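Please load the model in your viewer and keep the selection tool at hand. The stops below are given in the order in which they may be selected.

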Amino acid sequence: MMSRFMPGRCLNGSLRQLLPLFCLLITSVLTLAADGASEAIRDDLTTEYAKQIIRHSKMAEMKGMLNTNIDPCNDFYSYACGNWHRHNPAQLFGNLMTDTFQLISKGFERRLQRLLQHGTMKSNLEEKLQSFYRSCLLGHSGEVEYYSGLHSIVNEYGELPLIKGESWQASEFSWWRIIAGIQQKYGKKIILAVDIMADIKNHTVNRIYLGPPDNQQTIYLSNTMEDSDTASDLQKYYSISSHMAKQTAKEMNDLKRNLSTGGFQGTSLEDDLTLYTVSELQEKYAEYLNISEFLGIILGPDNVPEEIYIYSESSLNNTLQALKATPTTTIANYVLWQLMTEFRIDVPVNKIQTWCTERTKTIFGKLAEHILYERYRSPEAEAEVHSMWQQIRDTFRKELAGDKLDWMMNKTRQLAIEKLDNMQLKINAYDNENFETLYGNFTVDRSDYVRNVQHVLMAEAKRRLQRLHNPPASLEATDVLSFTPAYNILENCITIPVALLQPRYFWDKNYPQALKYATLGNLLAHEMTHGFDDEGHKYDANGNLAPWWDNKSRYEFEERRKCFQAQYHSYKYGGSRLPESIEQSENIADNAGVKLAYKAYLRWLEQQPPAILEQETMAGLELTNRQLFFVSYAQLWCDDVQSLFKTSVATVDNHAPGMYRVIGSLSNFQEFSWVFNCSQQAPMDPEFKCSIY
Ligand SMILES: [Zn+2]
């Protein structure tokens, strides 16, 4: 089944918004030279010959993307990425979009699939993971057991009106009691979500947050396609007539679409967060549900606090009104069908291996990443990431302490340095997780997929509710974080997913440093900047919501932000201009990221003996080390997008489309045009440049 929505995309209105400030698109796959090389030369990578092949292979991959018929000073994106689409084409019935991070995520999944299929497991926990995967593969063949398993899960909450027909009793169905029960038991959030997280204003206490679930706001290309997919699934599971399946699918999906339209009003999460007492809410929402009882079902009656945060109140109101206008039978069908999606195996047999790999990764999240990372972990790569981080942080610290950023008042600059010094970098290897406690108490049965999913979900749900009694922490989003670095604003911490450190994508010890600074270094610098952008400057060095900028500096920041707003709005994509959004965080981070990474690279260069310079160019590419940096940076953002899909990309994502991540940031960076000897008339070197950091 074609994937119609885009996982991994930052969506407004979600509590998760506080976490992955650097979401990237992830859809699906094609091979890259780097990955092919890893197969061919796995045997001995230490010989001089192997080292040469590694470098040569990277060079060939980079060269393959270049379109040297285009003048880099005219359009650097088309120069650096002009041939990307030939190697990685987007397809209308396949990957609507291809990009570098998708290649990385697919590389990671292929690795995981190999491990699950043929790997030697080293512990009971690892065996559980493998057994889970196998139970998923077998899900189809044991049909009777599989279907009866599914129905027993759902029947705990009643039967679908869809199959019960006239005899279904609407009066016995209470949607909010059912969704509360499901969240309590399985952690699955349907219609409403209750989260436990540190208070954003004061990290010493936990708070309950109530709002719409993250996945409620997805993007669909076509309602008709989505309805017909659901209809055929319904028919498959409940031998019903095609007419009835179509009708029910449309009703359920209409409800889903109505639920997702409430929208997020503020420009940032805290603008859309209100603290209420539960008794206020009890009264406010009395005609829809009993809030106190609802929270009691999920948290336990003794754990209902006096006050909770409501987030995206407008969405919540929209949700409640949408429900009021919907027949109970539709709500019941929708809720129970949503529950079933967690346990269903919905994939053609020829794609089952990939699907089960993804599923294993989703279900076991951190454990899957931890186990796989152990297989390719390189202390050398980790050390280098940390030292690159030091270089970048020092570079920014110097800028803050110098006179270049004198539009910031001294006191605010001092606080910025403190925040910077307090910022942490974490590679998400999950070394300190207690997986044994989490997964140790149940067995994984190779012949019972549904039961296995049930066990894992229950264990996870229990662990999440346990957060109430644990020291306050911010939310985790392993599913999103897996392939994208992130800045966690509440912890003032940058996290690097282990997938990015797979050999020979961004890192190999034989690659020129220019490449590593342009990719990993740039990503670190981008994330770091989020601590100091329009959102970041409201959170202090400890991640508490406590604005620390003086008014003058904020005013100056705002003036500079408007420059980006106008610049990016002047760009056209898929026939229309990029939105004139006041959300400029991503563009600010892109612009500062590449500058800081480049300066850090130059500082690194200065510290090297001259002989190292030879390693900083690549035979076969007529580029200086500095040019290599910029090409590598631009190629990070190569993508191919189906034209039909371009408007959604431009309007929904806070990140500019790949081409403007390159053109926007480099045309604002004077050093770039010096490095490529651009004339003063060149489009990549406009006279007027936007800049914040
Ligand atoms: Zn970002």
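A search of the whole structure, which is a predicted model, finds four cavities of 30 Å³ or more, a cavity being a set of points, on a 1 Å grid over the protein atoms alone, where a 1.4 Å probe fits but cannot get out. About 220 Å³ of space lies in the largest cavity, where a volume is the space filled by probe spheres set on the points, and grid points are joined across faces, edges and corners. To find this cavity, select Lys58, Glu61, Thr100, Phe506 and Gln635, which are the closest to its centre among the 17 residues that line it; lining residues have an atom within 4 Å of a point.

Local features here need pLDDT of at least 70 and side-chain atom pairs count only at pLDDT 80 or more, whereas totals for chains, interfaces and linings use all residues of the predicted model. Residues are numbered from 1 along each chain as its sequence is written, and side-chain values use heavy atoms, with hydrogens and water left out.

Next, colour the helices around the largest cavity: α2 (48-65), α5 (100-118), α22 (513-529) and α26 (625-636) each supply at least two residues of its lining, and α2 gives the most, with four residues. Helices (H or I, at least four residues) and strands (E, at least two) are DSSP runs, numbered from the N terminus. By residue type the lining of the largest cavity divides into eleven nonpolar, four polar and two charged, where Ala, Val, Leu, Ile, Met, Phe, Trp, Tyr, Cys and Pro count as nonpolar, Asp, Glu, Lys and Arg as charged, and the others, Gly among them, as polar.

Stay with Thr100, which is found in helix α5 and is buried, with a relative accessible area of 10%; buried means under 20% relative accessible area, exposed over 50% and partly exposed in between (1.4 Å probe, protein chains only). Leaving out residues up to four places away in sequence, Thr100 touches Trp84, Phe506, Gln635, Leu636 and Cys638, contact meaning heavy atoms within 4.5 Å. The C-alpha atoms of Thr100 and Trp637 are separated by 6.8 Å, although these residues are 537 residues apart along the chain.

Now select α22, of which 17 of the 17 residues are buried, so that this helix is largely enclosed by the rest of the structure. At Gly521, α22 bends by about 35 degrees, the bend being the angle between axes fitted to the seven residues ending there and the seven starting there.

Two loop residues come next. Most residues other than glycine have a negative phi. Arg504, in the loop between β8 (493-497) and α22, has a positive phi near 70 degrees and is buried at 7% relative accessible area. Ser312, in the loop between β5 (307-311) and α14 (313-324), has a positive phi of about 50 degrees and is buried at 0%.

Which side chain makes a polar contact with that of Asp590? Select Asp590 in helix α24 (residues 585-606), where it counts as buried at 2% relative accessibility, and display the side chain of Arg661, at 2.9 Å. A polar contact is a pair of N or O atoms within 3.5 Å; within protein, one must be able to donate a hydrogen and the other to accept it, and residues adjacent in sequence count only if both atoms are side-chain atoms. Leaving aside neighbours within four places in sequence, Asp590 is in contact with His526, Tyr633, Arg661 and Ser665.

Conventions
1 Å grid on protein atoms, 1.4 Å probe; cavity = no way out; pocket = protein on both sides within 12 Å on 5 of 7 lines; lining within 4 Å.
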